[in-house]
Amino acid sequence: MLKPEEISRIAQELRITVLDMIYKARSGHVGGSFSCAEIITTLYEYFMNVRPDEPCWPDRDRFILSKGHAAPMLYAVLSKKGFFEEEKLYTLRQLGSPLQGHPCMFELPGIDMSTGSLGMGLSVGVGMALSARVTGRKYRVFVLCGDGELQEGQNWEALMSAAKWKLDNLTVIIDYNGVQLDGNVNDIMPLSDIESRLKSFGIHTFKCDGHNVEDLINSIQAAIRYDGPAAVIAKTVKGKGVSFMEGQSAWHGKVVEDNEYEQAVKELTGLLR
Amino acid sequence: MRIESLREAYGQALVKAGSLNKDIVVLEADLGKSTRSCLFQEAYPERYFEMGIAEQNMASTAAGLALAGKIPFIHSFAVFASGRAYDQIRQAISIPGLNVRICGSSCGLSDFGDGSTHQALEDVALMRVIPNMTVLVPADAVETRKMVEAMAEYKGPVYIRINRNELPVYTSEDLQYRIGGIYTIKEGQDVVIFANGVMVSKAMEAAELLQKEGISAEVVNVSTVKPLDADTLVEKAKRFKAAVVAEEHNIMGGLCSAVAEALMVNNVNIPLNFVAVEDKFGTSASNYEELLEHYGLTADNIYNKVKKLLA
């Protein structure tokens, strides 16, 4: 098993990979991909029991990227893990590419559920967790949600279900970056005290720094060990690692221009040293 | 040929409508920068409601505003505006016949990069089957502006789908537009091409190709899919040897179906064919034209269908 600092380094390297992918594609969501770099890398490199050479292994742990627009980061992590060759990454969003703008399970090995329309991933996770229970399988279901997408009411229907059936095999992680397409979550439609809201729905919560791998490991571990449905609220920064992107809603899905690309690579590479 | 952005034209027209009618309010589901409803927000912040990523709540809230005398324009991508909030649009807006305007932006394949989840090829069909609903598909920026102006005064729910990209302008500034109108863009003698949205420009290109072979094609913009002016449509179709219908939508349930239904029941038995998406979902591509070509939404395809019908 990799050490936290090794996972942290991989996540940072994959940010550069994702930047390259989006730069080449001339479209894609860089801000929300960067905010969940450590979260997805930690899940695949530390927690998840998967077989890259047997992507549909029935006992694998499942991952649902409910915030499907962060697909580039998931693709980079899956490729690093060995689900498919690295060259494919640079076909992102091209006609005929298995790397669709949003994850498509029939196109690419390692995608457990197609996503893109926000606020639907949690319900699918509930279904997978219920199936594990009734079939006696031991796998765990991880669902990564954005904070903005929690505005969709369906999330709260799913949370009620998770609490009703006490789904201890479901772990929810919230990429709490505070920014959505039109602006700050607090201005667009505030989530208010998300912790107490989740608790009132019967979901136990853990909080951590979503860019600190050691902190992430401890919180996700605690959520897994908790006897019931639990969520990890991972505080993150949209566009993390690039000064002019950090916390800026403009970078939700903006095209990276040449000079911005150079600057971003310089900053991200600098952080590796 | 002048090209102009439809969504930009939409946003500007919305601001203008808002200046003339203080009852107009605008609701947005976190895509304002993209739908261009953000222009209304800048102009009239007190009449702009950012609802967040919650299309169902937005649709029903609009019903409440309409019941209390407002004229709400609600916004999202076409796929979410028509699909995610479908039941709310049906139950709370359409059954009571409320004055809610639903803007489905980034329609068809025009959001080329995002892929199938974000591309709306079923929205016209979904909206068309709801009683009381009016369905508009503008071909260009000028028609978009005229439609928004007309929508402000219109009674009952309206769905308008807006293309994300810049398209050639064929609609004359002088056109006396009315919802329900069917507009001839180019006159012809041999065949008629009924089209709307981006396919009007493809039909015009096809007409040029046909002209080179001595085939004179009429191009008709059927931008109101519902209520369809069947009488005018039938009168036009009767004059030709064949007809092709072209739309950026699933071949089922949209303009193709609407035209076929109207011609069939009125005994217009001319050869007919369609250029539309052949019952498929969208996919990602690096540009819009490439994607239109992939699904056969091209001038060449219209040309080929016409030639086959006349053979």
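Start by selecting Phe77(B) and Ser105(B) in this predicted model: Ser105(B), in strand S5(B), is the bridge partner of Phe77(B). S4(B) and S5 (residues 101–105) of chain B run parallel, paired over 5 bridges.

Zoom in on Val25(B) and you'll find its bridge partner, Pro72(B), in S4(B). Is S4(B) buried or exposed? All 7 of the 7 residues of S4 (residues 71–77) of chain B are buried, so the strand is largely enclosed by the rest of the structure.

Time for some charges. Pick Arg145(B) and Glu4(B): they form a salt bridge, with the closest N and O atoms 2.9 Å apart. This pair links distant parts of the chain, helix H8 (residues 141–153) and strand S1 (residues 3–5) of chain B, 141 residues apart. Arg145(B) is partly exposed at 23% relative accessibility, while Glu4(B) is buried at 17%.

Hop over to Arg161(B) and Asp123(B), another salt bridge, at 3.0 Å between the closest N and O atoms. Arg161(B) sits in strand S7 (residues 158–161) and Asp123(B) in helix H7 (residues 123–128) of chain B, so the pair ties together parts 38 residues apart in sequence. Both residues are buried.

Now head for the surface: select Glu205(B), Glu208(B), Glu293(B) and Asp300(B), which gather in a patch of negative charge. Asp300(B) belongs to helix H13 (residues 299–310) of chain B.

Last stop, chain A. Colour helix H3 (residues 37–47): 10 of its 11 residues are buried, so H3(A) is largely enclosed by the rest of the structure. Among the buried ones are Ile39(A), Leu43(A) and Phe47(A).

Conventions: Residues numbered from 1 in each chain as written. Chains lettered and ligands numbered in written order. Predicted model: local features only at pLDDT ≥ 70, side-chain atom pairs only at ≥ 80, totals over all residues. Heavy atoms only, no water. Patch = residues over 30% accessible without salt bridge, like charges linked within 9 Å, V, L, I, M, F, W, Y side chains within 5 Å. Areas by Shrake-Rupley, 256 points an atom, 1.4 Å probe, with all protein chains shown as cover. Salt bridge = Lys/Arg side-chain N within 4 Å of Asp/Glu carboxyl O. Lys, Arg positive; Asp, Glu negative; His and termini not counted. Charge placed at Lys NZ, Arg CZ, Asp CG, Glu CD. Helix = DSSP H or I, 4+ residues; strand = E, 2+ residues; numbered from the N terminus. Buried < 20%, exposed > 50% of the residue type's maximum accessible area, 1.4 Å probe, protein only. Pairing = 2+ DSSP bridges.
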